[in-house]
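Please walk through this model with me, one region at a time. Keep the sequence and the 3D view open as you read.

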Amino acid sequence: MSVNSITETVQYLTFKLDEEVFALDVAKVREILEYNSVTKVPQTPEFMRGVINLRGSVVPVIDMRLKFGMSATEQTVNTCIIVVEVNMEGETSVLGALADSVQEVVEMEPEQIEPAPHIGTRLNTNFIKGMGKHEGDFVMILDIDKVFSEGEIAAVALSSGSAP
């Protein structure tokens, strides 16, 4: 989905990774959990912190900071898991996205959102839906369906014992 396809006001959940503010369409967010214990799973991608038991379901937890090339998330009183639904090739997977803190839910009009920057051909920025403007700052709006590659989703699903 490109910025051009955003034609109506959308609500976004904003969250922080390090000092940067990111946003997800609230329609993709199932719930927000306090970060407690995560069960480590051997031989998983580095960005996968482990799995949690969410009402009897095994949910893989992804460290979004590691996924984006930052240092690992340190557990604080604000650290949380954003439970999201990711669609890939018609399949829906439930993932926990580890974030430093959740900020707020904001509404953004289409005119508040600019296209994602193109940073050469080697860097993949397809997972950035756009750059929203909120209270004078930029917010990176993520397309959660494009943050992970098909292979990463498959690896995470296999290691967590759930089908992709």
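Arg55 sits in the loop between strand 4 and strand 5 (57-63). Strands here are DSSP runs of E, at least two residues long, and they are numbered from the N terminus. The phi of Arg55 is near 50°, a positive value in a residue other than glycine. Most residues other than glycine have a negative phi. Arg55 is also exposed, at 66% relative accessibility. Exposed means over 50% relative accessible area, buried means under 20%, and partly exposed lies in between (1.4 Å probe, protein chains only).

A word on the source: this is a predicted model, in which local features need pLDDT of at least 70 and side-chain atom pairs count only at pLDDT 80 or more, while totals for chains, interfaces and linings use all residues. Residues are numbered from 1 along each chain as its sequence is written, and side-chain values use heavy atoms, leaving out hydrogens and water.

Now go to Gln43. This residue lies in the loop between strand 3 (29-34) and strand 4 (48-54). Gln43 is exposed, with a relative accessible area of 84%.

Strand 10 (residues 128-134) gives another picture. Six of its seven residues are buried, so the strand is largely enclosed by the rest of the structure. What does strand 10 pair with? Strand 11 (residues 137-142) runs antiparallel to strand 10, and six bridges join them. Two strands count as paired if DSSP finds at least two bridges between them. Ile128 stands opposite Leu142 of strand 11. The two strands form a hairpin with two residues between them. In that turn, Glu135 has a positive phi of about 50°. Strand 9 (residues 113-114) is also antiparallel to strand 10, through two bridges. There, Ile113 has Gly132 as its bridge partner.

Finish at Asp25, in strand 2 (residues 20-25). Which side chain of opposite charge is nearest to Asp25? That is Lys129, 4.1 Å away. Lys and Arg count as positive, Asp and Glu as negative; His and the chain ends are not counted. A salt bridge needs a side-chain nitrogen of Lys or Arg within 4 Å of a carboxyl oxygen of Asp or Glu. Asp25 is buried yet has no salt bridge. Its side chain does reach the backbone nitrogen of Ala27, at 2.9 Å. Asp25 also touches Val10, Gln11, Tyr12 and Lys129, leaving aside residues up to four places away in sequence. Contact here means heavy atoms within 4.5 Å.

Key
Helices (H or I, at least four residues) and strands (E, at least two) are DSSP runs, numbered from the N terminus. A polar contact is a pair of N or O atoms within 3.5 Å; within protein, one must be able to donate a hydrogen and the other to accept it, and residues adjacent in sequence count only if both atoms are side-chain atoms.
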